[in-house]
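This briefing is for a reader who is new to the structure shown below.

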Amino acid sequence: MDLNFKDFEVWFVTGSQHLYGEAALQQVGEDARRIAQSLNERPEIPVTVVYKPVMTDGDSIRRLILEANVDERCIGLILWMHTFSPARMWIGGLSALRKPYLHFHTQYYRDIPWDTIDMDYMNLHQSAHGDREFGFINTRMRKNRKIVVGHWEDPQALEALGAWTRVAAAWQDGQGAKIARFGDNMRDVAVTEGDKVAAQIQFGYVVNGYSLSDLTAYVDAVTEAQVKALLEEYEGSYALTERVRPGGEFREYLEESARIEAGLRAFLQEGGFKGFTTSFEDLTGLRQLPGLAVQRLMKAGYGFGAEGDWKTAALLRAMKVMAHGLEGGTSFMEDYVYHLDPAGSRILGAHMLEVCESLAKDKPVLDVQPLSIGGKENPARLIFTAPKGPGICASLIDLGNRFRMVVNEVEVVDPPADLPKLPVARVLWDPKPNLKVAAEAWILAGGAHHSVFTQALGSQYVEDYCEIAGIEYVLINEETEIRQLKQELRLGEIYYHLAKGI
Ligand code: MN
């Protein structure tokens, strides 16, 4: 993925006031600079942390916020009140702030110096109450923000800070991001529909439709040399079945798949797109459903949604950015088949073809097999299994008056057999708290059959994203209980209706 987190800046801003005198303010500045520098060097925080001068009055706060709003590199702010900073000073700035922000409730020294603590020490280390004053005005102004509590060297606090900076980077990446739709929705499907204008207002990304002929023009322009180069890359990366090797009965279908991949990639690159959708009901001019091509483009960082699912395509892109450089894959996914054995109920996640290669536990098998729907030639696909361990499924739905995110925490398990006849990539998981409750909760919440599945991110990342976007977030995990969830959903109906105003 063509992305360097260090290109993104988070500004570290410290609040104080003039009351303390120059010497104290200088000390506040030195302490803040040291914290900012330390955060910038920590491996948990992938972005650049930039120290900004200590803020002591409303005018300079507002000026700094206006600068942050227009600075393309600045993806968000970390705010901290080392001393007391009367919060009315912050109203002008916070009213104007358009970037995500994190309130870091920390203190310069971790421990109280029991033997030496005096009134000077007390006057300088005031975040315990300074940050509460600041917290109040944020709550009074109904501001969405992330709060992290802990010493600035505390591993848990650093992990939370780092995760939030990844989400803020994904948010910035989404502003103006272009998603291409080839064809429209799969006919009559409800959940993949939605209000693209509302999504653009809420999330910042742009979804536009393209004719298949726009794409086939690129596919037709692909040279034999490009196809050959891709085939060599496949041979170096995957275990090819007999029938797709040179001279094999399906070799020509693999060649066609390579042609589609090169054309699709060129279309996306030239247009500056960050995600795309396909629809197997509209493949005019393409000889096969893009399977392998989509799997490889997802691995390269593109968002994808099948059957016209632009919401999942954009969400996948965002989660790919959050997960960049972390261990574990992230993919478009569909709940496919159940194993309803009471001794261990499971969900088998897969799709017709399009599961991202980043999930593969071992070297994927590259094969061509009949698709049995769609009436096109046999498509190429990578076949693999995801490794065991924790994961999440995230689904974004449009409820008509708002968006809701539904997340389920899951545990991926090893399939009890090799599934030798299953011709697609697969993930077998145990949804939390168990299949019965998880599926009932998911269905009550209106979660889609499509989702973004990841083994790189915990649910907190998606929660932070929803907080920045200002949308409803429903978590299904070990603690979920149906009666309580129903109540939460009903409260959400009221809250989001009122919070939106007219
Ligand atoms: Mn589907």
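Strand β19 (residues 472–476) is mostly covered, with four of its five residues buried; buried means under 20% relative accessible area, exposed over 50%, and partly exposed in between (1.4 Å probe, protein chains only). Strands here are DSSP runs of E with at least two residues, helices are runs of H or I with at least four, and both are numbered from the N terminus. Strand β16 (residues 403–413) runs parallel to β19 and is joined to it by five bridges. Across this pair, V406 stands opposite V474 in β19.

This is a predicted model, in which local features need pLDDT of at least 70 and side-chain atom pairs count only at pLDDT 80 or more, while totals for chains, interfaces and linings use all residues. Residues are numbered from 1 along each chain as its sequence is written, and side-chain values use heavy atoms, with hydrogens and water left out.

**Domains**

- The protein is divided into domain 1 (5–174) and domain 2 (178–500); such bounds come from an automatic or database domain assignment.
- Between the C-alpha centres of domain 1 and domain 2 the distance is 37 Å.
- Domain 1 gives 15 residues to the contact and domain 2 gives 20 residues, where contact means heavy atoms within 4.5 Å.

**The five-stranded sheet**

- Five strands make up an open sheet with parallel pairing, in the order β2-β1-β3-β4-β5; two strands pair if DSSP finds at least two bridges between them.
- β2 (48–51) and β5 (146–149) are the edge strands, and each has a single partner strand, so one side of each is left without a neighbour in the sheet.
- On average, neighbouring strands of this sheet are turned by 25 degrees against each other, direction ignored; axes are lines fitted to C-alpha atoms, for helices over the stretch in contact, and angles run from 0 to 180 degrees between N-to-C directions.
- Strand β1 (residues 9–15) and strand β3 (residues 74–81) run parallel and are joined by seven bridges, with V10 opposite G76 in β3.
- β1 also pairs with β2 in the parallel sense, over four bridges, and W11 stands opposite V50 in β2.
- From β2, T48 and V50 point one way while V49 and Y51 point the other way, and all are buried.
- Helix α5 (residues 127–140) lies across β3 and β4 (101–105), and runs at about 150 degrees to β4.

**The four-stranded sheet**

- Another open sheet has four strands in the order β7-β6-β9-β10, and the pairing is parallel.
- β7 (206–210) and β10 stand at its edges with a single partner strand each, so one side of each is left without a neighbour in the sheet.
- Strand β6 (residues 178–182) pairs with strand β9 (residues 273–277) in the parallel sense over four bridges, and R181 has T277 in β9 as its bridge partner.

**Nonpolar cores**

- The largest nonpolar core has 95 residues, of which F12, L39, F104, F203, Y205, F276 and M405 touch the most other members; a nonpolar core is a set of buried Ala, Val, Leu, Ile, Met, Phe, Trp, Tyr and Cys residues joined through side-chain atoms within 4.5 Å.
- Each of domain 1 (5–174) and domain 2 (178–500) supplies at least three residues to this core.
- A second, separate core of 43 residues includes V227, Y238, A262 and W429.

**Manganese site**

- E307 (OE), E334 (OE), H351 (NE2) and H450 (NE2) are the protein donors of the manganese ion, at 2.1 to 2.3 Å from it; donors are N, O and S atoms within 2.8 Å of the metal (3.2 Å for Na, K and Ca), and water is not among the atoms, so sites may look incomplete.
- E307 lies in the loop between β10 (303–305) and α12 (310–323) and H351 in the loop between β12 (346–350) and β13 (365–368), so the pair ties together parts that are 44 residues apart in sequence.
- Both E307 and H351 are buried.

**Local backbone features**

- The peptide bond from K432 to P433 is cis, with omega near 0 degrees, and P433 lies in the loop between β17 (427–431) and α13 (435–445).
- D188, in the loop between β6 and α7 (196–203), has phi near 70 degrees, a positive value in a residue other than glycine.
- D188 is exposed, with a relative accessible area of 82%.
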